Structures are given as structure tokens and as C-alpha cells.
Amino acid sequence: MLQTNPKEEQILIRITGQDQPGLTAAMMEILARYNAQVLDMGQADIHSTLSLGVLIRTDSINAGQVMKELLFKASELNVQIGFEPVSDEKYEGWVNQQGKNRYILTVIGRTLTATQIAAATHVIADQGLNIDSIIRLTGRMSIKNPGRKSRACIEFSLRGTPKDREKMQSDLMEMSSQMGIDFSFQEDDMYRRMRRLICFDMDSTLIQTECIDELAERAGVGDKVKAITERAMRGEIDFKESFTERVALLKGLDVSVMKEIAQKLPITEGADRLMAVLKRCGYKIAILSGGFTYFGEYLQKRYGIDYVYANELEIGEDGKLTGHYVGEIVDGHRKAELLKLIAQVEKVNLAQTIAVGDGANDLPMISEAGLGIAFHAKPRVVANAQQSINTIGLDGILYFLGFKDSYLGEQGKY
């Protein structure tokens, strides 16, 4: 506990200028000679420009000499330095603030402009939250060669309690829709960086197509099936009812068509990178799909996915689809059940789970998971999800988990 002593005082030291090796060490060496107590410190670098803050407590008799030596050293290193006294009362007030709730707001886009960042910070300010730090998670973008898959992401660390959490979510959604950026607003608790299980929808999430529509095209009933699919994804009709109707229309299609479709599945942007990182970091990965097992198992082999639950098409002795399915339909309710079941089997707290999907039948698992993400989703799904990604690929999920490109050895690559 900090001892109150009339002969000691707090001094906030601010250092700015060109970053250089040994600068912090040189300053700390001076503080060490006078046995200064470091109460807090933080440093940020923006394009080789250093901003270093150190709050110290030192003997009042030595305070003048400490500042004098630091000033000379700053001049020698060609950096600017400033000093500000901090009263005991002001310091204690700051300490008491540390007990407040903490949140993380992650903002993502292909690029981020001052207008977009201003909108995000206005939402933060309107809710009475204080920004503790701002971190860039993406690598620096090349101006000459920005690349087709460029992305920009910054993370705000916030302190306080939102005045109206529901309104804040609504304001963020409106900002996202109008300005073409994505966001995630999460409590900064022990689970945020300890997610362990991620469950994906397959069609229009991991792959950029609906497999049933692909089969229907080959069966010559594409328009009929697509119309039913769209109504189901919008939540206008019951999934089980729509699924039964669509499967019946596939009767007579040769099973060899499925292999042809599987080999040409259009993988969603960012899926390869996301899967590689998740596997490297020990995540358990599941596909929970209202699509078909055949295609799920194809992706399972490609990415080393741990669990696949989807629907099984019945195949007749003649090697053609019968127009029926085998077993229980994987609908929205079943997806939520499976998420909880897998979490139980893997001994993972629900708060450590992630669910990603685009359709109405994904909402139950998105709502159940610790982190539910609507990915390039239908309006109804986005409106009911806490997080959404609409501007970039699936690997945007990594930023919601707190990963930095530099952690992955990819600084400047994307």
C-alpha cells in the first residue's frame, strides 16, 4: 500500500520525440539513483515517434535534482520532456477509477478514416466512457500497393459503465451500417482472450454459396429452391419446413454431382488464414450447418476441423438422391444445443465459445455463445447480434479476439 509521507511527492514525467534504443533505460537509470518509486508508466510509438509517460513518487528533497538530471539527459537524447506535480488526492482519485468496469471496442474496415473514428469516439463519449488506450491491431498499409484485401483495425480500451448499453449497441449498429465499418463491443474480462471453441455455419459463411442451391441448379430446379432458401434465411418460414421442401426437389440427382461441387467450393475470404491461426492456437473448431454433411466433411479434411454436424441426404441403391434426408434436421434450435454439448464435452465454459453465422437459423447459437458474430449476414441477424462483420473476410474474427498482425508474424502483410 502507498505510504503517505509529507516529504514525498508524485511527479508525472512526459517524454516525446524520436524513438531510439536505450532511451527508456537511460531515464530509468537516473530514477534508480534516487530510489524513485514508479507508480505507473506507459509508452506508445507512432511511426518511430515516442510518447512515454512515467508517474513517480520521490523524496521532495531530491525531486529538483531528479528533474534537473532528466532534463539534461533529454537534451542529450534530443527529446522533449515535461513535468507535472500530482497531488495525493488526485492520485487516489485515479486509483479509485481502476475498479470501474472495462470494455473493448474493436473497429474494423478496409480502411479507417477520421470521419469513421470520430463517429466511434462520439458514441464512446456519449456513454460517459473513458478511453484508456488505443491500439492498432493490423499491420501498416502500403500507400503505393494497398492490395485488394487490405484491412484496418483499431482497438479502444475503455473504462466505466455505459449509461445505456442498449442505445450504445444501437448507435454502433447505425454507425456500422452508414459508414461501412464493423465493430465489436465486449467486456474486457478474463474470457475475452481465452476463447477455446468456435462454431461456424457453413453455407454463406465458410463458403460463399448455398450447397443446396448448387445441387438444385444441377437438378434443374434452381429458381424454386433458391426462392425457398432466401425466405428461410430471412426467417419468413420455418427452417424444417423449408428444408424438407427443398430436399424433395432434389430427387433423382446423381450423387456424383456432390463431389464435383465440393471440389469447386468457393472458400470465403480470410477462411484459410483464420483456420490456420485457430489450429495453431489450440482452438476446437466445429461446423454446425443446416447444409449437408458431405460438404462439411470435405471442409473438415481441408482444415482439420474437430466436429461436423449437418444434414445427411438419403441416397438410393441406384446412386441417386431419393428426395429424403436421414436423421434429425440440424436447425437453429439444434445448433444451439450442439454448441452447448460440444462445450460440455470439451470442458469449455460457454463464455469461452464463439458462434459465427449469417442466417436466421444461426441466431440461437449466436445468442448462446460467449461471442456471437453475424458474418455478412441478413438484416434480421445483424439486428439481433452483438457483433458483426460485413466489410472484410472471416479473418476479421481474429481482431475481435485481440490478435495483432504482428503476433502472427504478418506485420504489413495484409
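The model is predicted.

Start with the rings. A search of the whole structure finds 5 aromatic pairs. One of them joins Y103 and F185. A pair of aromatic rings is described by the distance of the centres and the angle of the planes. For Y103 and F185, the centres are 5.0 Å apart and the planes stand at 10 degrees. Planes under 30 degrees apart count as stacked, so this pair is stacked. Y103 sits in strand β5, residues 102-109. F185 belongs to strand β8, residues 182-187. The pair therefore ties together parts that are 82 residues apart in sequence. Y103 is buried, at 6% relative accessible area. F185 is buried too, at 3%.

Ring pairs also build a cluster elsewhere. Its members are F239, F243, F292 and Y325.

Now turn to charge. The structure holds 30 salt bridges. One of them runs between R57 and E8, with the closest N and O atoms 3.1 Å apart. R57 lies in strand β3, residues 49-59. E8 lies in strand β1, residues 8-18.

Next come R159 and D132. Their side chains meet in a salt bridge, at 2.5 Å from N to O. R159 is in strand β7, residues 152-159, and D132 is in strand β6, residues 130-136. This bridge therefore ties together parts that are 27 residues apart in sequence. R159 is buried, at 10% relative accessibility. D132 is partly exposed, at 30%.

R151 forms a salt bridge with D395, and the closest N and O atoms are 2.8 Å apart. R151 sits in the loop between β6 and β7. D395 sits in the loop between β15 (387-389) and α15 (397-400). The pair links distant parts of the chain, 244 residues apart. R151 has 3% relative accessibility, so R151 counts as buried. D395 has 1%, so D395 counts as buried as well.

R151 and D395 also belong to a network of salt bridges, where they are linked with R273 and D405.

Technical notes. Residues numbered from 1 in each chain as written. Predicted model: local features only at pLDDT ≥ 70, side-chain atom pairs only at ≥ 80, totals over all residues. Heavy atoms only, no water. Phe/Tyr/Trp six-rings, centres within 6.5 Å; stacked < 30°, edge-to-face > 60°. Helix = DSSP H or I, 4+ residues; strand = E, 2+ residues; numbered from the N terminus. Buried < 20%, exposed > 50% of the residue type's maximum accessible area, 1.4 Å probe, protein only. Salt bridge = Lys/Arg side-chain N within 4 Å of Asp/Glu carboxyl O.
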